[in-house]
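Me: I would like to learn how to read a few features of this model with you. Could we go through them one at a time?

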Amino acid sequence: MANNETNENPAGRDFIRAIVADDLAHNRTGGRVATRFPPEPNGYLHIGHAKSIALNFGIAEEFGGVCHLRFDDTNPETEDVKYVEAMQRDLRWLGYDWGDHLYFASDYFEQLYDWAVQLIKDGKAYVDDLTDEEIRAYRGTVTEPGKPSPYRDRSVEENLDLFARMRAGEFEDGARVLRARIDLASPNMKMRDPVMYRIRHAHHYRRGDEWCIFPLYDWAHGQSDAIERITHSICTLEFENNRELYDWFLDALDIPEPRPHQYEFARLFLDYTVMSKRKMLQLVNEGHVSGWDDPRMSTVAGMRRRGYTPESIRNFANGVGVARVNSRVQFELLEYHVRSDLNHKAPRVMCVLRPLKVVIENYPEDKVEWLDAPYWPHDVPKEGSRPVPFTREIFIERDDFMENPPRKFYRLSPGKEVRLRHAYIIRCDEVVKDKQGEVVELRCSYDPETKSGSSVQRRVKGTIHWVSASESLPAEVRLYDRLFIKPNPDDVAEGATFLDALNPNSLEVLTGSRIEPSVASDPPASRYQFERQGYFIADAVDSRPGGLVFNRTVALRDTWRPGKPEPEPRPKMKTKEQGASAERTRGTASDARRRVREANPELIRRYERYRQEFGLSELDADLLTGDLASGDFFEAALATHPAPRSIANFMNNELLGRLGNSGFPALPFSPAEFAELVALVDEDVISTNIAKEILDEMVAKGGRPGEIVEQRGLRRIDDSEALRPIIDQVLADNPDKVAAYRGGKTGLLGFFMGQVMRATQGKANPQLVQQLLKERLA
RNA sequence: UGGGGGAUCGUCUAACGGCAGGACUGCGGCCUUUGGAGCCGUCAAUCGGGGUUCGAAUCCCUGUCCCCCAGCCA
């Protein structure tokens, strides 16, 4: 289900799709869905982008909408057309199509400028002469409000004049900026008069020298969305604070609904990789990797060169899940998707990475036997085979021979037999060593009766791959491992950087490998499985006929672990035990209530009275006396239904959570009506669950509980005779569950309860139902 | 310390207030001319403490921890 591009119900996949489906159902977007993928062309696309791409393009496709590709190119100093081209190439390779919807924020500069002028005229933007340091200082800190710039109250005329001259190029870089006039004291730093335009006398890769003022992200992005009539502007969590500003600009420009709305999700982090373009650029520039397309890079270009397929990346991106929790995905999940896609795409061939010579002494000297070897294993439903030459001298993998093998070593060792894949069973008769005592050659004999596919049923436990010594081709093989040694490369000691976490062994180059000759004339970038080794791809840049070079895409899963019986204990690193340590005084809600109460004798009086006279718990009394409004509502309700503990209970546990920002006074019903609802529960007229349902309705549109009960027939069902047939029906419908319950799975009682309650629309007396259920199930 | 978010198996992610499920990983078995694949099985979680409710991962209170915001980057 997770890795499934052909979804069943998109709305159920994640919270963003649920929002889109809901917006469509309520016609909030005029029936349209338009998303966008908005990269800044200052680097290469990476696996993190892939998640966003899959989300935005996926939503568009699933809901019959469109997804725009928009280059967010508002910063001339870092952007380049080469990145624009690379990004489009990578996007297409991944299999995404934006049709005609290719856009550039830099195409909107005129409109953005006109809108800025409009804001100035409305008194909502001004030119500021402060330096960047001064602006920073004036902005305040997260705990202290900022203060207005001395230029904040310039006249509209002066602002207009200055802004026009900014555009005309009269001022130096950084001399002036245009800022939105919002609120220097806002608790949201993003709202403290954000900068909209800066002066940069820089060459823009698309607009040339036409502009010397450039809009900043917050000013450009939402407005670009509005211009393109984007319905759902999906970005990552770190832009949460920007949403208020996003909406402020749209409001200030009077852009009516349906208009774009921003939603945030958690960006992807992958173990053993870095995900920032800045850090990737550093890896490239400082030569830690060979380029943006180094197969160790988690760029799309790197993964392509590594041999990953577009499908595997898409499946992974769709499989990681979209939520609002910061998370870090394990590398194994990516590798799983790569292997599972390649399994049925990569033909099997044999390549010996680290050769060891084997002479088959009872095989004729000059004979070359061409064996027919299927490209696909029995469980991949594909046809095709190639001829593989068998000769007296062959190479096998050094790892496949051990002079003193441990138990369960199903390969070759002195006196032991092994099957050569697609060929014969051989026995190791003699081990030849050099002066240093290193094994340099094996003398073996083969059993001519055991040719692969023949009817002879002699079986040996192990099968190894091999190539002919004389007929095989030399090859260079590059083995890649993770680029970093730490799951989170940024998690390094004080003073260290992610570069200190670089894996010195992330690349191993094997120059003496030998591969079977069938691959000689395959097209560039062909993928294979080298049997028993892994998936490989002919390197698109360096491999050529006569000079074959292969990159290891991913190794095969290997469950054989010699001499390692104990799996590593799993790290248990939850901070279960949180010290009940320091009693810091923080601005918590309970403190706030206490402070308010202590400053108001009336509230103290109430608190005491609620405790003494009404017998309320400390908690209930506290909650009702943190302000005047709560107690007022409480006491007014008491006048109708003098049951303080019930009222307090329902107020604190049910009403509180349903209260909007404006509190009790804004409720569309009176304390008396609320009291009436509580009384209905106390008098056993309705069940508590029904009361909550009614409360939902009252909060939404007011109404008298008594009338709602009668109109909708919500009285509690206390009649056993009425309940019994319903219970019996539920039990009859679920014989397996009944058996399981009787077998000891008593947790199922909740299931039966739920079924019965649903069948009665929540009206049944739950205690009664439970009692009857237990009787029936006994 | 202000504001905005968040916390479910080792990891990622589900669950109208009603059986805590799935995937990856691990472990075990079956199968196998790849120690691959496949199949079967299995270990494994609701951050802590109170409360409401017949019933709480979910609602209320409270504590703890984590992330984001003080670029003229995006």
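Reply: Happy to! Helices (H or I, at least four residues) and strands (E, at least two) are DSSP runs, numbered from the N terminus. This is a predicted model, in which local features need pLDDT of at least 70 and side-chain atom pairs count only at pLDDT 80 or more, while totals for chains, interfaces and linings use all residues. Residues are numbered from 1 along each chain as its sequence is written, and side-chain values use heavy atoms, with hydrogens and water left out.

Me: Let's begin with the backbone. Which residues does a cis peptide bond join?

Reply: As a general idea, most residues other than glycine have a negative phi, and most peptide bonds are trans. Here, Glu257 and Pro258 are joined by a cis peptide bond with omega of about -5 degrees. Look for Pro258 in the loop between α8 (243–252) and β9 (261–265).

Me: And where is Arg532, with its positive phi?

Reply: Arg532 sits in the loop between β25 (527–530) and β26 (534–538). Its phi is near 70 degrees, a positive value in a residue other than glycine.

Me: How are α17 and α19 oriented?

Reply: Axes are lines fitted to C-alpha atoms, for helices over the stretch in contact, and angles run from 0 to 180 degrees between N-to-C directions. Angles under 35 degrees count as roughly parallel, over 145 as roughly antiparallel, 65 to 115 as roughly perpendicular and the rest as oblique. Helix α17 (residues 644–658) packs against helix α19 (residues 688–701) at an angle of about 40 degrees, their axes 11 Å apart. The two helices are therefore oblique to each other. From α17, the contact (heavy atoms within 4.5 Å) uses Phe650, Glu654, Leu655 and Arg658, and from α19 it uses Ala691, Lys692, Leu695, Asp696 and Val699. By class, that contact has five nonpolar, no polar and four charged residues; Ala, Val, Leu, Ile, Met, Phe, Trp, Tyr, Cys and Pro count as nonpolar, Asp, Glu, Lys and Arg as charged, and the others, Gly among them, as polar.

Me: How do α2 and α11 compare with those words for angles, roughly perpendicular or roughly parallel?

Reply: The axes of α2 and helix α11 (residues 310–319) come within 9 Å and cross at roughly 70 degrees, so these helices are roughly perpendicular to each other. Ile47, Ala50, Lys51 and Ala54 of α2 meet Ile313, Phe316, Ala317 and Asn318 of α11. Six nonpolar residues, one polar and one charged make up this contact.

Me: Which residues line the largest cavity?

Reply: Thr273, Val274, Met280, Leu283, Arg296, Met297, Ser298 and Leu483 do, around a space of about 40 Å³.

Definitions and conventions
Chains lettered and ligands numbered in written order. 1 Å grid on protein atoms, 1.4 Å probe; cavity = no way out; pocket = protein on both sides within 12 Å on 5 of 7 lines; lining within 4 Å. Points joined across faces, edges and corners; volume = space filled by probe spheres on them.
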